[in-house]
Amino acid sequence: MIVNEKVAIDHGLKKDEYKKICELLKRTPNITELGIFSAMWNEHCSYKSSRLHLKKLPTKGKQVIQGPGENAGVIDIGDNDAIVFKIESHNHPSFIEPYQGAATGVGGIMRDVFTMGARPIANLNSIHFGSPQHKKTKNLLRGVVHGIGGYGNCMGIPTIAGQTSFDSSYNGNILVNAMTLGLVKKDKIFYSKAAGLNKPVIYVGSKTGRDGIHGASMASASFDEKIEEKKPTVQVGDPFTEKLLLEACLELMSGDSIIAIQDMGAAGLTSSSIEMASKGNLGIEINLNAVPTRETNMTPYEIMLSESQERMLIVLESGKEEEAKKIFDKWNLDFAVIGKTTKSKKIELIFNNQKVANIPVNTLVENSPMYDRKWKKAKLPKKNKIKREDINNLKIIEVLKKILSNPNVCSKEWIWQQYDHTVMGDTIQKPGGDSGVVRVHGTTKAVAASVDSSAVYCWAHPLTGGKQVVCESFRNLISVGAKPIAITNCLNFGSPENEENMGEFVECVHGIGEASDYLKFPIVSGNVSFYNQTKNIGIKPTPAIGGVGLIKDYQKMITMDLKDIDNIVLVIGKTEGHIDQSIFARNILDEKNGPPPEINLFNEKNNGETILKLIDAGFIKSAHDVSLGGIITSITKMCIKGNKGINLKKPKYLISEIEYFFAEDQGRYLIEITKKDYKKVADILNKNAVHFDELGTINENQLYIDEKTKVTIDELKSSNTNWLIDYMSN
Amino acid sequence: MKSSVITFPGSNCDRDMDVALKKFGFRNKMVWHNDVELPKNDLVVLPGGFSYGDYLRCGSMASKSKIMKSVINFANSGGMVLGICNGFQILVETGLVPGVLLRNKYLEFICKNVFVKINNKKNTFFKNIDEDILELHIAHNEGNYFCTNDQLNEIQDNEQIAISYCSKDGKIEDQFNPNGSIKNIAGIFNKEKNVLGMMPHPERMIDQSLSGEDGSLFFKNLINNIK
């Protein structure tokens, strides 16, 4: 095939990018080479629109062992233990083929983690669908949930937490973000940097097929009406093979024969070999005839661009081939020596004794395009038109029931019951709490993890929204008694070529950076997903933040279920009555204008740290952060979980009851304490300048405000649990 | 007491079972599916997971693996064999216990706590457990037990129904059946009661911090009764 500008454009490259390739090579690339460039230079692999901004994020900290740039981030949790974790998107494939798209998303992120030598110990996910009324939503939801479960359950890794939302902006572009945490010994972490000359390059895992060719390019483009034609670009997952690959890799890693290892993820053999060569400042020569293939007559182009799953590339110490092969034979996996490291600093591909590609590595990596895209600062939110009289006539219980059954607030048990969340025998907090928690096997430590996003806040004011998501993650970890350590982010946005969408990206990233810097909650890994748009309409900006924290003594973990009658519940943090962009304003009053609640980073940090002190001193019996739906929604969830009621009272504020109960002011928590500890707790809070109100006293089974405003917890429970079950069974 | 846990390719509860057995005093060995001989044993456990990916029929490939010949011989000579979840599916495929396990009635994987009633305590597996009802944990996609009417009559006559899904207070009714199993069956013995296959995972319920502790009762009883 003759390569020209048109062929390059069909590969998703821009005119000037093609020109640059020809200049760098000082010749026209052949088709295999063009394919390699298009795979390496697409948005998904090159981060060409985002790199400039991501550089500004805080990525360092006392406990950070490895920040962004490797397969996943690594943090130190003491005693030579480290946690490897990352979140990644699989949005585009999941919309085209929900089961396989979601399944391979989970498979891919687990590979990123065990590539580094860590055994995965927990999975999480953040999934976002279109309006429940949209004709595709139900099938997409079912397919994605089955896909996530199908892969994670078979691997035997518990899925311990997640987040699901519905919003019409995802009608044509659902989001599927998968996160994995792995456990590794600090001195047994593996990296992707090749080293040494003439070292064997080994291919292990599944055979290479024609599936997923150009998957990464597809994920770097917008959708249009021809989306069905893209099905062949979706990879097909085989969790059984991945389970074998996991065990085989960990077995090989227990020895000392691996120099570098890299999974074949997006852009398969192309990106894995180039990344290893680039990091090691070496060349790699590959004999494509040696690559195990599933189908006959595969061309070099197809072999290099296949995204067949469950494959790894390893640079091995010379002479260790036999020893390594034995392990992969035992697990019935392919093992092939396909090449060697060279000093050429080039990627050289041989096929049928001919050189079919010869590209300097730096042209693909360092010389890849980087754009300073034009972006527009977000407009200030419009003023809302809420009238006080309208609010005060509403009946609190009616509003509460509506909010509890709102798709974005209701119980997601239907979803997480389909995920094995107890395998490995260390899950001490299952989905449905503020964070999932797993013990560090055989120790007194536990790791908490949460994944959060707030697209509505980010859409209303990206800078504030970006800060808010980080703070929410911080709070979710604090609420279970974990000290927040670090985060991973999955940045889901529309097109970077659209100035408004790019502006949302830039400002959200700015907000994330500011909060993460202030809270000493660095970003150690992540992924950017652009082009989440159909026919030029982008999704609401949806950065998802995966937070990880440590509980030193797991016996001190806190859950959100109310524990004992007559205990007192306090609201930590000040309630100003911020209604704009709350679920109350948007769904009850149908008012979509106004700014999101403000973030006060000092209060976030101070409130959170003070709560950790109270937990450490043993004062807190249960805790929950206040988020969507305000105080009353949060306390109701605590009531439902603990099967208890509460007598509520509003403090004498200038705001109305409705505002007090439904406002979404930030930096707040609810904590349960005993009456006898009240004075001591109040002293600690006062001493630390933390604002608090008394919310009420726990009773048997009723949410009680006054004689006219009361309801049983059972009734609230059915409002909360029924929506999703009914929706999925109709 | 000595035990072995068999690891098949795709087993994923093998480590959990090893941890549980050791916690309650068994000297446990992990045995690879390709081995031919079983070590000297008082108990063999087929753990949960997705042996061979469950790609053909759950448990069917594993039931033909090399080690299973020894396991079947061991069972037939009166040795204690326990199959949990995928292990139960493998037992069914070997014919050591009757019946089959179909896809769950609502076609979805289910992971949650359930209550089961112990129907028969005249056997080593349940002999001295004081409680009649245990809270255990299930996590499976194919746990819908089915058998022919003749088989059902036979297993009832022989008191082979080990445990049944029930309410907290022991009612065996449809609404407490998580997967559509015939007669709410959660676990089955062979005729001689030395082989038990069950869907619930006692190994996930062995300490207070987990979903519950009733699994401990099961293992404590097991180590005390195995001779």
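Two residues are in contact if their C-beta atoms, placed from the backbone, lie within 7 Å. Keep that rule in mind for this predicted model.

Start where the chains meet. On chain A, 21 residues are in contact with 23 residues of chain B. Two elements of chain A each give two or more residues to this side: helix 8 and helix 10, which spans 239-253. Helix 8 of chain A gives the largest share, four residues. By class, the side of chain A that touches chain B has ten nonpolar, nine polar and two charged residues.

Now stay with helix 8 of chain A, residues 137-155. It packs against helix 7 of chain A, residues 98-114, at an angle of about 35 degrees. The two axes are 7 Å apart. The crossing of helix 7 and helix 8 of chain A is right-handed. Helix 7 of chain A brings residues including G101(A), A102(A), V106(A) and M110(A) to the contact. From helix 8 of chain A come, among them, L140(A), G143(A), G147(A) and Y151(A). This contact has eleven nonpolar and eight polar residues, and no charged ones.

Finally, look at two loops. D590(A) sits between helix 21 (583-588) and helix 22 (601-616) of chain A. Its phi is positive, near 60 degrees, and D590(A) is not a glycine. D590(A) counts as exposed because it has 7 C-beta neighbours inside 10 Å, and the cut-off for exposed is 12 or fewer.

D54(B) lies in the loop between strand 3 (43-46) and helix 2 (66-76) of chain B. D54(B) also has a positive phi, about 55 degrees, without being a glycine. Is D54(B) buried or exposed? D54(B) counts as buried because it has 20 C-beta neighbours inside 10 Å, and buried requires 20 or more.

How values were computed
Residues numbered from 1 in each chain as written. Chains lettered and ligands numbered in written order. Predicted model: local features only at pLDDT ≥ 70, side-chain atom pairs only at ≥ 80, totals over all residues. Axes fitted to C-alpha atoms, helices over the stretch in contact; angles between N-to-C directions. Left-handed = near helix turned anticlockwise from the far one by under 90°. Nonpolar A, V, L, I, M, F, W, Y, C, P; charged D, E, K, R; others polar.
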